[in-house]
Amino acid sequence: MSSIEYDPSRSALYTPEKRETIFEAGQTYTLLQVAVEAARLAYFRAEESASEQQRLASALARVGFGGLKLFADSKTDTQGFGAYRSDDQTALISFRGTQPDKVTDVAADLEAHQVPWPSTGSAARVHGGFAAAATSVLSQVEGWLKTECPKRRELIMTGHSLGAALATLVASVQRPTQLITLGSPRVGDATFAATLAGIDGARIVDCCDAVTEVPPELPIYTHIRPPTYITRDGVRTENPGAEIIASDRLHARIEYFVKYAWRIGTVFVRDLADHAPINYARAFF
């Protein structure tokens with residue numbers, strides 16, 4: 001049973017950075033848990049103030065990571081961070097997802113025409129908005145990996161929402177040992193998905209999360225791997241059948257309407273509320 005309650009609030013969805021870290025000093029966490037919380041921590045607006053940067057650094061220090069490096073591009077308004085844990089030579093990279101108050105983030109999500117993704121050395125085609133955002137910080141990521149953690153044993157890449165898409169694109173260029181994505185939209189075509197074959201990790205889908213269903217599944221868009229699905233009760237299951245998912249989602253929507261939809265301050269539908277990063281984390285902590 002998770003110690004984290006389901007959170008239907010608008011704050012959980014639209015301002016996840018307001019909630020403090022789940023990490024507790026002195027506790028041991030798996031790399032999967034680290035990746036899941038790091039995807040949420042990417043929303044901390046560390047680029048805006050020294051205090052927020054220290055807040056992020058302190059959260060990561062609770063699990064042994066230091067040397068915080070911010071990745072950012074002002075033109076595309078793309079953000080992420082890197083950190084390194086010398087004890088086990090693990091590098092961690094996390095990208096921020098869509099911020100509703102950032103016009104450039106929303107524009108990147110909507111720019112769904114496909115473009116070539118030549119970095120894979122194939123004929124792969126990917127979402128144009130995601131590609132522009134990933135390209136804008138790729139050289140920063142590559143430079144940090146080369147100079148700050150060249151002897152790494154593990155490289156974990158993660159992100160939520162738009163951040164998941166960015167992590168997926170960067171993973172095709174700088175191959176991680178694990179790629180963990182939360183609430184990821186579809187990023188590219190089957191040729192692109194094939195370039196990520198052999199990379200360990202998980203594509204985590206929280207019940208009704210609508211973002212995981214866009215862009216629509218067509219010959220030009222496909223997910224990179226089967227889902228790790230979180231049921232309406234917060235239980236993880238690997239690649240359940242379509243009928244199981246459909247039934248679980250139906251019951252989830254009905255339960256949400258009865259319990260939460262009418263309350264002040266909550267998200268109106270579960271399809272959006274399930275996208276909140278904390279509602280992913282509850283299945284892992």
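Select strand 8 (200–206) and strand 9 (227–230). Four bridges join strand 8 to strand 9, and the two run parallel. Strands here are DSSP runs of E, at least two residues long, and helices are DSSP runs of H or I, at least four long; both are numbered from the N terminus. Two strands count as paired if DSSP finds at least two bridges between them. Now pick out I204: opposite it, in strand 9, stands T228.

A word on what is on screen. This is a predicted model, in which local features need pLDDT of at least 70 and side-chain atom pairs count only at pLDDT 80 or more, while totals for chains, interfaces and linings use all residues. Residues are numbered from 1 along each chain as its sequence is written, and side-chain values use heavy atoms, with hydrogens and water left out.

**Stop 1**

I180 has A202 of strand 8 as its bridge partner. Is strand 8 buried or exposed? Five of its seven residues are buried, so strand 8 is largely enclosed by the rest of the structure. Buried means under 20% relative accessible area, exposed means over 50%, and partly exposed lies in between (1.4 Å probe, protein chains only).

Eight strands make an open sheet in the order 1-2-3-6-7-8-9-10, with mixed pairing. Select strand 1 (66–73) and strand 10 (236–238) to find the edges; each pairs on one side only. Neighbouring strands are turned by 20 degrees against each other on average, direction ignored. Such angles are taken between lines fitted to C-alpha atoms, for helices over the stretch in contact, and run from 0 to 180 degrees between N-to-C directions.

Next, select residues 90–95 and 154–160. These are strand 3 and strand 6, parallel and joined by six bridges. Find I93: M157 of strand 6 stands opposite.

**Stop 2: helix 2**

Which strands does helix 2 lie across? They are strand 2, strand 3, strand 6, strand 7 and strand 8, and helix 2 runs at about 45 degrees to strand 6. Nine of the eleven residues of helix 2 are buried, so the rest of the structure largely encloses this helix. Colour the buried ones: Q33, V34, A35, V36, E37, A38, A39, R40 and L41.

**Stop 3: the largest core**

Show side chains for L41, L60, F81, L92, I204 and F285. They have the most contacts inside the largest nonpolar core, which has 42 residues. A nonpolar core is a set of buried Ala, Val, Leu, Ile, Met, Phe, Trp, Tyr and Cys residues joined through side-chain atoms within 4.5 Å. The largest share of this core, six residues, comes from helix 2.

Click on F81. Leaving aside neighbours within four places in sequence, F81 is in contact (heavy atoms within 4.5 Å) with residues including A38, L41, L60, F71 and L92. Apart from this core lies another one, of 32 residues, among them F71, V137, L145 and L169.

**Stop 4: helix 8**

Select residues 242–259. Helix 8 has 18 residues and reaches 26 Å from its first C-alpha to its last, close to the 26 Å expected at 1.5 Å a residue. That expected span is 1.5 Å times one less than the number of residues.

Colour I245, D248, R249, A252 and Y256, which are buried. Seen down the axis, the buried residues fall within an arc of 100 degrees, so they line one face of helix 8. The arc is that of the directions from the helix axis to the C-beta atoms. The buried residues pack against strand 8, strand 9 and helix 9 (270–273). Turn to the other side of helix 8, where E243, F257 and V258 are exposed.

**Stop 5: details to click on**

Select S9, in the segment before helix 1. S9 and T266 are 257 residues apart in sequence, yet 4.1 Å apart in space, C-alpha to C-alpha.

Move to the loop between strand 8 and strand 9, where P215 sits. The peptide bond from V214 to P215 is cis, with omega near -20 degrees. C207 lies in the loop between strand 8 and strand 9 too. C207 has a positive phi of about 40 degrees, although it is not a glycine. At 0% relative accessibility, C207 counts as buried.

Finish at D77, in the loop between strand 1 and strand 2. D77 is not a glycine, but has a positive phi of about 55 degrees.
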